Amino acid sequence: HDGGMGHVSLLARLLTMIFECDDKMRPRHFKTEFKKKLIVVALSQMVALPVRVLSAELVAAEAKLLQGIVKLLQDLRKQIAERESHEERDEVDRRDEESEIDEDLDGEEGDDDDKDSYLENLSSAARSYQWEVPRITDGVDADSDDGAWLGSGDDDFQTPLDAVDAFAAFKNALVALEHAEGARFATLASSLPAEIRASLNELMQYAETREVPWDGECRL
């Protein structure tokens, strides 16, 4: 142990970054789903550590740490819902465009040369589109805050973390803490504001809908 000073400084900075928002009330830091998940999983593992391996300063910061995780998970849940909504709208738009093309082909009049020309133009347009920079959704710049919020950036590559559910990871960490150190868990729970306890219980229930197996129950 080094007295925990370095850890506390890092944790204090991390928590400050978690709670900072932009003018749209979106996170100023950790904008992508991947970054939120990474921080949540790491901090959840910290929460589940035995108290004997933590410095006194880290133990004192546990309540604030828990609130930070809740904030990240609430943002992540909202972000996932908005991304999925955009993806659904994009899929509807794509199907509408395909339907219009099919209708144009069915209604195309004229000789075979006209039809061949029409198909040639479609083929040329498709080849041209393949060389365009991929976009997440209409009107969204992949490098903008909206682009990061809707799933671009760090979420464009695959990592082992993709198989981890952040909500279940957090829930399992609290379950493990409750079973291993009931007194510590009770003290931590009682130190949280009522609205945070309510948010935690809601997140625990939401984790159940993620269809990730877990053992036991945890209610604050």
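Helix α7 (residues 166–180) meets helix α8 (residues 182–190) at an angle of about 120°, and their axes lie 5 Å apart. The model is predicted, so to speak of a local feature takes a pLDDT of at least 70 and side-chain atom pairs count only at pLDDT 80 or more, while totals for chains, interfaces and linings use all residues. Residues are numbered from 1 along each chain as its sequence is written, and side-chain values use heavy atoms, with hydrogens and water left out.

Helices here are DSSP runs (H or I, at least four residues), numbered from the N terminus. Axes are lines fitted to C-alpha atoms over the stretch in contact, with angles from 0 to 180 degrees between N-to-C directions.

How are α7 and α8 oriented to each other? They are oblique, a word for angles that are not under 35 degrees (roughly parallel), over 145 (roughly antiparallel) or 65 to 115 (roughly perpendicular). Helix α2 (residues 33–48), by contrast, is roughly parallel to α7.

| Pair | Angle | Axis distance |
|---|---|---|
| α7 and α8 | about 120° | 5 Å |
| α2 and α7 | about 5° | 9 Å |

Contact means heavy atoms within 4.5 Å. Toward α8, α7 uses L174, L177, E178 and A180, which meet G182, R184, F185 and L188. Toward α2, the α7 residues are A166, A169, F170, A173, L174 and L177.

At the start of α7, a side-chain oxygen of D165 comes within 3.0 Å of the backbone nitrogen of F167.

Key. Helices (H or I, at least four residues) and strands (E, at least two) are DSSP runs, numbered from the N terminus. A polar contact is a pair of N or O atoms within 3.5 Å; within protein, one must be able to donate a hydrogen and the other to accept it, and residues adjacent in sequence count only if both atoms are side-chain atoms.
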